[in-house]
Amino acid sequence: MDFNKLIARVKAILTTPKTEWPVIAAEPATVADLYKNYIVWLAAIPVVCKFIKGSFIGYGAFGIYYRTPIGAGITGMIVGYALTLALVYVVALIVDALAQTFSGQKNQVQALKAVAYAWTASWVGGIGALIPWLGVLIMLAALIYGIYLLFLGLPPTMKSPADKAGGYTAVTIIIAVVLSWIIGLIVAGIIGTGALLGGVSTSGLGGFGGGEVQVDKDSPLGKLDAWSKKVEAAGKEMDAAQKSGNAQAQGEAIGKIVGAALGAGEVEALAPDMLKPFVPETLAGLKRTEFSAERNGAMGMQVSAAHATYSDGANRSLQLEVTDTGSAKGLVSLAGWAAVQNDKETDHGYDKTYKQGGRLVHEQWDSQTKYGEYGLVIGDRFAVKVSGNADSIDQLKAALGSMNLAGLEALKDVGVKKG
């Protein structure tokens, strides 16, 4: 790896993008080259900085400070990095699928160049996570500059006319934001808040063998290859909708592109009243004292969640979260095959994430405070987590096990539109 060349490219794309983009577009490259020589290195900056900030420096206000447990921080960093490595490729597929809609030329390698080099600003700006107060402004400025870089880069890489670069950029950014938001919810729902603090950035998948990917269809990369075909088909619908001039059809087509990229097609998350039966009146002998459920969405993509508090009215309480990842169920599978594992032991507890019986499991226990978390992913769609005070982690496991998990899993295909 030539780090001098890497640094020179970063400097050039950030300081002289108008002259650097034509150079980038003309360079011979493969998917593998872009990942191993650029993406995997730059994309690590935000997740590492957020891990250092969350687990070592900590967050504080009004004299109160919080640090993410090291185990949760590392797990969050790994999960966030793995998922966002895939996100870069997925967004590149979307850029490629939209090319003809904006009078450009389809080319997956060029699309990956556009995404990777445009996100350089945000990746480098991830250092802002370590800077108190001003860090947020630095990262925001980097994000805005990254959008500008994409605007400049789409014409030379995707051969899109300059007068259509604005619309091309806007659609790409909206979809990328939606995907990033959903990934953040998934990471937080699966392994807790600490993982979310670990950060979701963007990077790349290793293991590609060139511009033409040849992989086992049942392997992780094989699934990504299958996704690309779905995105391409959705892109054709977008092209037809664009030509029709029907704004509603265009919006629906964009939703289909995102749905295809998420690996689940179109999925309507369960309505709040459908989640409520899976939030029992009592849990582990405690009465439910608070309940809320909501469904949120953007561009036709939906996620719903129910939250409940159980208490004995004294010192003991439990929190229950049931999340339907809805449109992002494909990415939940992605988290599973990413082989996420974490096993940390301390003098008074542990924190671990693993797969058991085909399900992703997270458990955390502190014997001093008698506080823990236990969560499962059900049917590659629903994340269920119990947290709070207990005599042992076994009580939390028993509490979650007493729920109607089989009934919840039976709903894994509800709202899924085939095709």
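Some ground rules. Residues are numbered from 1 along each chain as its sequence is written, and side-chain values use heavy atoms, with hydrogens and water left out. Because the model is predicted, local features need pLDDT of at least 70 and side-chain atom pairs count only at pLDDT 80 or more, while totals for chains, interfaces and linings use all residues.

The chain as a whole, then. It has 16 helices and 13 strands; these are DSSP runs numbered from the N terminus, with helices being H or I of at least four residues and strands E of at least two. Of the 419 residues, 51% are buried. Buried means under 20% relative accessible area, exposed means over 50%, and partly exposed is in between, with a 1.4 Å probe and protein chains only. A contact means heavy atoms within 4.5 Å. Among contacts with a separation of 6 or more, 64% are between residues 24 or more positions apart.

Now the helix pair. Two packed helices are described by the angle between their axes and the distance between the axes. Helix H1, residues 3–15, and helix H2, residues 17–26, have axes that come within 6 Å and cross at roughly 125°. The axes are lines fitted to C-alpha atoms, for helices over the stretch in contact, and angles run from 0 to 180 degrees between N-to-C directions. H1 and H2 are therefore oblique to each other; under 35 degrees counts as roughly parallel, over 145 as roughly antiparallel, 65 to 115 as roughly perpendicular, and the rest as oblique.

On the H1 side, the contact involves Arg9, Ala12, Ile13, Leu14 and Thr15, and they meet Pro17, Glu20, Trp21, Val23 and Ile24 of H2. By class, that is seven nonpolar, one polar and two charged residues. Nonpolar here is Ala, Val, Leu, Ile, Met, Phe, Trp, Tyr, Cys and Pro; charged is Asp, Glu, Lys and Arg; the others, Gly among them, are polar.

Which residues of H2 are buried? They are Pro17, Glu20, Trp21, Ile24 and Ala25. These cover an arc of only 135° around the axis, which puts them on the same side of H2; the arc is that of the directions from the helix axis to the C-beta atoms. Thr19 and Ala26, on the other side of H2, are exposed.

Next, Ser160. It sits in the loop between helix H8 (134–158) and helix H9 (165–191). Ser160 counts as buried, at 4% relative accessibility. A polar atom of its side chain lies 2.9 Å from the backbone oxygen of Phe102. Leaving out residues up to four places away in sequence, Ser160 touches Phe102, Ser103, Gly104, Leu154, Pro155 and Tyr168.

Most residues other than glycine have a negative phi. Ser103, in the loop between helix H5 (70–98) and helix H6 (108–118), has a positive phi of about 60°. Lys159, in the loop between H8 and H9, has a positive phi near 60°. Both are partly exposed: Ser103 at 37% relative accessible area, Lys159 at 46%.

Last, Gln364 in strand E10, residues 359–366. Gln364 is buried at 19% relative accessibility. Its C-alpha is 6.6 Å from that of Tyr374, 10 residues apart along the chain.

Terms used: A polar contact is a pair of N or O atoms within 3.5 Å; within protein, one must be able to donate a hydrogen and the other to accept it, and residues adjacent in sequence count only if both atoms are side-chain atoms.
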